[in-house]
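Here is a short tour of one structure for you. Have a look at the model first, and then we can go through a few of its details together.

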Amino acid sequence: MILPKITLKRGKEEALLRFHPWIFSGAIHRIEGNPQEGDIVEVYTAQQQWIAIGYYQIGSISVRILSFKPIEIDEQFWLAKIRNAYNIRVTLGLAQNPENTTYRLVHGEGDNLPGLVIDVYDTTAVVQAHTVAIHNVRHTIASALMQTVKGLENVYYKSEGTLPFKADVTPENTYLVGQETDCIAMEHGLRFHADWLRGQKTGFFVDQRENRLLLEKYAKGRSVLNMFCYTGGFSFYALRGGAQLVHSVDSSAKAIELTNKNVALNFPDETRHEAYAEDAFKFLEQAKDKYDLIILDPPAFAKHKNVLNNALQGYRKLNAKAFDQIKPNGILFTFSCSQVVSKEQFRLAVFSAAAQSGRNVRILHQLTQPADHPINIYHAEGEYLKGLVLHVE
Ligand code: SAH
């Protein structure tokens with residue numbers, strides 16, 4: 001089969017020679033074969049040398065690369081990629097582990113599968129397509145998952161909110177395989193309800209797994225404030241770690257309901273925990289010297305580069321408030337999940353906040369995303385989660 005052909009402008013192959021998986025529209029000289037959004041295309045240099053195969057999309061990123069070797073993108077291709085990703089999760093001890101039944105199985109470019117995110121919750125895989133090409137192969141992916149993942153029973157497709165607006169497809173959130181189940185998944189031996197139908201993203205933030213475990217080690221005897229708690233992940237680790245009390249805060253009443261449910265699941269009749277549906281900034285106002293372990297894990301303050309400055313101000317203000325309120329010798333876990341905010345920029349925002357408070361602050365740990373959210377070394381954009389653990393005197 002002859003595939004549509006993309007020819008680059010002179011010199012524009014440079015990023016591809018370093019295996020960067022995106023081609024921006026400005027790098028393209030000519031498009032032949034009339035590719036539609038989502039179609040597989042071959043890429044050539046200005047000198048007519050074959051360089052990569054990928055898929056076409058309308059937008060500033062015009063092509064996402066699937067392979068730098070001339071191979072066919074068929075069912076075998078998707079199966080091999082999913083197997084490869086799964087084998088890594090088995091090696092990491094995240095898959096096929098009775099103490100841990102939730103993990104990210106595919107992390108987009110980090111697993112050389114641009115546009116695709118898959119999280120596993122016990123016997124269900126939740127698939128998110130961010131591009132039309134992935135939407136087009138959703139059934140192939142579902143079948144590859146069923147052939148690969150041990151014990152998998154259901155594949156839920158959740159892309160209503162993730163495909164580009166301009167795309168001329170209307171995906172329906174639906175089960176591609178199996179059916180609805182009441183799922184209780186496990187992370188480091190702690191249990192939680194995974195609700196991919198109603199929850200944010202795929203239902204749970206699996207990317208904080210290792211950071212929650214670290215928090216557990218600091219929790220003993222402390223008064224813990226878990227800000228932006230969502231499903232309460234950090235809270236139930238703090239309880240297991242022996243916290244004296246744990247307060248969870250989220251502006252969404254639904255999140256508070258989930259948090260209470262998850263705490264009860266792990267610690268029935270727990271009296272050390274209280275959850276509040278309130279605005280984080282407001283809640284912090286009345287928290288002077290009440291807590292000696294605070295977690296700040298807000299939603300991404302910047303989704304685009306043009307709002308970067310506002311986002312940095314947001315991180316500075318939020319952290320300044322925490323520095324003002326935390327008890328002497330407190331521990332602050334502070335995060336940013338904005339991809340456009342770099343590690344350095346985030347650290348600078350927290351530095352400004354610390355300076356403003358005048359308190360003596362030490363960095364104890366520098367945190368990042370876990371190994372099931374791998375970063376393709378050729379695609380630095382894949383690094384999004386950063387965190388600092390601070391000792392505040
Ligand atoms: N820490 C969570 C993930 C946080 S996601 C975990 O470990 O799973 C961000 C959360 O912040 C969402 O649940 C959202 O409802 C909440 N949120 C957004 N704006 C808020 C605000 N101003 N005050 C309190 N919570 C807020």
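How many of the 6 residues of strand S15 (residues 245-250) are buried? The count is 5, so S15 is largely enclosed by the rest of the structure; buried means under 20% relative accessible area, with a 1.4 Å probe and protein chains only. This is a predicted model, in which local features need pLDDT of at least 70, side-chain atom pairs count only at pLDDT 80 or more, and totals for chains, interfaces and linings use all residues. Residues are numbered from 1 along each chain as its sequence is written, and side-chain values use heavy atoms, leaving out hydrogens and water.

**Around S15**
- Strands (E, at least two residues) and helices (H or I, at least four) are DSSP runs, numbered from the N terminus.
- S15 runs parallel to strand S14 (residues 223-227), joined by 5 bridges; strands pair if DSSP finds at least two bridges between them.
- Within this pairing, Met227 has Val249 of S15 as its bridge partner.
- From S14, the chain passes through helix H6 (residues 233-240) to S15 in a right-handed β-α-β crossover, meaning a clockwise path from the first strand over the helix to the second with the strands pointing away from the viewer.
- S15 also runs parallel to strand S16 (residues 273-277), again with 5 bridges, and Asp250 is partnered with Ala277 in S16.

**Positive phi**
- Asn34, in the loop between strands S3 (28-32) and S4 (40-44), has a positive phi of about 50°.
- Asn34 is exposed (over 50% relative accessible area), at 62%.
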